[in-house]
Amino acid sequence: MTAARTLALSTPEATAKLGRAVAAKLRAGDAVCLSGPLGAGKSALARALIRALTSPDEEVPSPTFTLVQTYDGPGFPIAHFDLYRLAAPEEAVEIGVYEALDIGAAVIEWPERLGAALPADRLDIRLEPAPDRGASEGRVASLTPWGTWIGREPSL
Ligand SMILES: Nc1ncnc2c1ncn2[C@@H]1O[C@H](COP(=O)(O)OP(=O)(O)OP(=O)(O)O)[C@@H](O)[C@H]1O
Ligand SMILES: [Mg+2]
């Protein structure tokens, strides 16, 4: 078991900064798994990460209905998944989760939908409302690296 690191994110800008710090470490084959309740800031983090590797003006819609959006990253594609609507873990194969990791990187919201079939080389980031404050008032992020992410955590 790898150790989780906890970070306080007091503003949406802090969430974006974490996204950019993860982007700086991202390589082909990497998964970034973003968990946490509705409205926790998963898409906000994904957007900042993708913009850091594409362009600051990149449109990064939440893939709630399309399940996946892909982007041309620096030398490899980046796939942004939102698995909230996935009915069964097996559907992840059909929508190309593992294929995306063969050719590039994947940012995955609602990774719980994959059940046991989580990518081995992944950085888990759990976002939650800060315990002592209201829902609009800040978040806490817990980062847990697995596989090749161990020893390669984002610097903040
Ligand atoms: N550290 C933070 N402090 C306060 N608000 C934040 C923080 N980070 C993000 N937010 C805000 O939380 C709101 C919800 O963010 P977002 O849509 O990214 O959530 P989500 O986790 O993707 O939700 P869903 O599961 O519904 O897709 C946004 O308005 C965003 O700006
Ligand atoms: Mg979202």
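The model is predicted: local features need pLDDT of at least 70, side-chain atom pairs count only at pLDDT 80 or more, and totals for chains, interfaces and linings use all residues. Residues are numbered from 1 along each chain as its sequence is written, and side-chain values use heavy atoms, without hydrogens and water.

- Ser43 sits in helix α2 (residues 42-53) and Glu109 in strand β5 (residues 105-109), 66 residues apart.
- Helices (H or I, at least four residues) and strands (E, at least two) are DSSP runs, numbered from the N terminus.
- Ser43 is buried at 16% relative accessible area, and Glu109 is buried at 2%.
- Buried means under 20% relative accessible area, exposed over 50%, partly exposed in between (1.4 Å probe, protein chains only).

**His80**
- His80 lies in strand β4 (residues 77-82) and is buried, with a relative accessible area of 0%.
- Beyond its neighbours within four places in sequence, His80 contacts (heavy atoms within 4.5 Å) residues including Ala46, Ile50, Val107 and Glu109.

**Ligand 1**
- Among the 18 residues around ligand 1, Thr15, Gly39, Lys42, Ser43 and Ala44 come nearest.
- Residues count as near with a heavy atom within 4 Å.
- Helix α2 gives the largest share of the shell, three residues.

Definitions and conventions:
Chains lettered and ligands numbered in written order.
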